[in-house]
Amino acid sequence: MALLYEFLKVLDNPAAEIGLENPILGIEDVVPEHILQSGKKRFKAKTIGRLAALAIKCIPVGRKAIDRQTDYLIHWKFDQTTSKQLISHCKSLDVTVNTFLGAMVLQAFRKVRGTSAFNKVSCPVDIRRFTPQIKDDHIFAFGLMIVMSSNQK
């Protein structure tokens, strides 16, 4: 959309200023240098990466295929009043709606399944609002996930 917008803008007015692109060439352009240079964090990342690679190699994959005919999607929609109340409540708690709903799902599973509940939910995260280097019209390829847990610690 950004390319189309700029193309049409220049097509309409060849002297239009469309700015200069400052591309993101790697993770170094997004993650602050003090985090990338931290020996402790680099060791932790390498250790987790190696353990994940080892687990992928060692875990047997001879499972039977599951018949996917019973899959379904739950699509809930709140009315406008409920949506406004939810957004207002989340703002007062200084949390995102996504975080709040994830926590509620975790609590519901814990209530229904008790100690056998799987205590994790993975949610996609859009980090564009946290990093000024990434503009709204950038094509951004880093997919990030956050794993939420209802563990009180």
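## Helix axes and the overall fold

An axis here is a line fitted to C-alpha atoms, for helices over the stretch in contact, and angles run from 0 to 180 degrees between N-to-C directions. With that in hand, let's walk through this structure, which is a predicted model.

The protein chain holds five helices and two strands. Read from the N terminus, the elements come in the order α-α-α-α-α-β-β. Of the 153 residues in the protein chain, 13% are buried. As for contacts in the protein chain with a separation of 6 or more, 48% are between residues 24 or more positions apart.

## Helix α3

Helix α3 covers residues 39–58, 20 residues in total. From first C-alpha to last, α3 spans 28 Å, close to the 28 Å expected at 1.5 Å a residue. How many of the 20 residues of α3 are buried? The count is zero, and α3 is hardly covered.

## Where α4 meets α5

Two packed helices can be described by the angle between their axes and the distance between the axes. For helix α4 (residues 80–93) and helix α5 (residues 97–113), the angle is about 95° and the axes lie 9 Å apart. Angles of 65 to 115 degrees count as roughly perpendicular, so α4 and α5 are roughly perpendicular to each other.

The contact brings together L86, I87, H89, C90 and L93 from α4 with V97, F100 and L101 from α5. By residue type, this contact of α4 with α5 has seven nonpolar residues, one polar and no charged.

## Two loop residues to look at

On one side of α4, F78 sits in the loop between α3 and α4. Is F78 buried, partly exposed or exposed? Its relative accessibility is 47%, so F78 counts as partly exposed. Setting aside neighbours within four places in sequence, F78 is in contact with S83 and L86. L86 also takes part in the contact of α4 with α5.

The loop between α4 and α5 contains D94. Most residues other than glycine have a negative phi. D94, however, has a phi near 60°, a positive value in a residue other than glycine. Exposed means over 50% relative accessible area, and D94, with 71%, is therefore exposed.

Key
Residues are numbered from 1 along each chain as its sequence is written. This is a predicted model: local features need pLDDT of at least 70, side-chain atom pairs count only at pLDDT 80 or more; totals for chains, interfaces and linings use all residues. Side-chain values use heavy atoms; hydrogens and water are left out. Helices (H or I, at least four residues) and strands (E, at least two) are DSSP runs, numbered from the N terminus. The expected span of a helix is 1.5 Å times one less than its number of residues. Buried means under 20% relative accessible area, exposed over 50%, partly exposed in between (1.4 Å probe, protein chains only). Angles under 35 degrees count as roughly parallel, over 145 as roughly antiparallel, 65 to 115 as roughly perpendicular and the rest as oblique. Contact means heavy atoms within 4.5 Å. Ala, Val, Leu, Ile, Met, Phe, Trp, Tyr, Cys and Pro count as nonpolar, Asp, Glu, Lys and Arg as charged, and the others, Gly among them, as polar.
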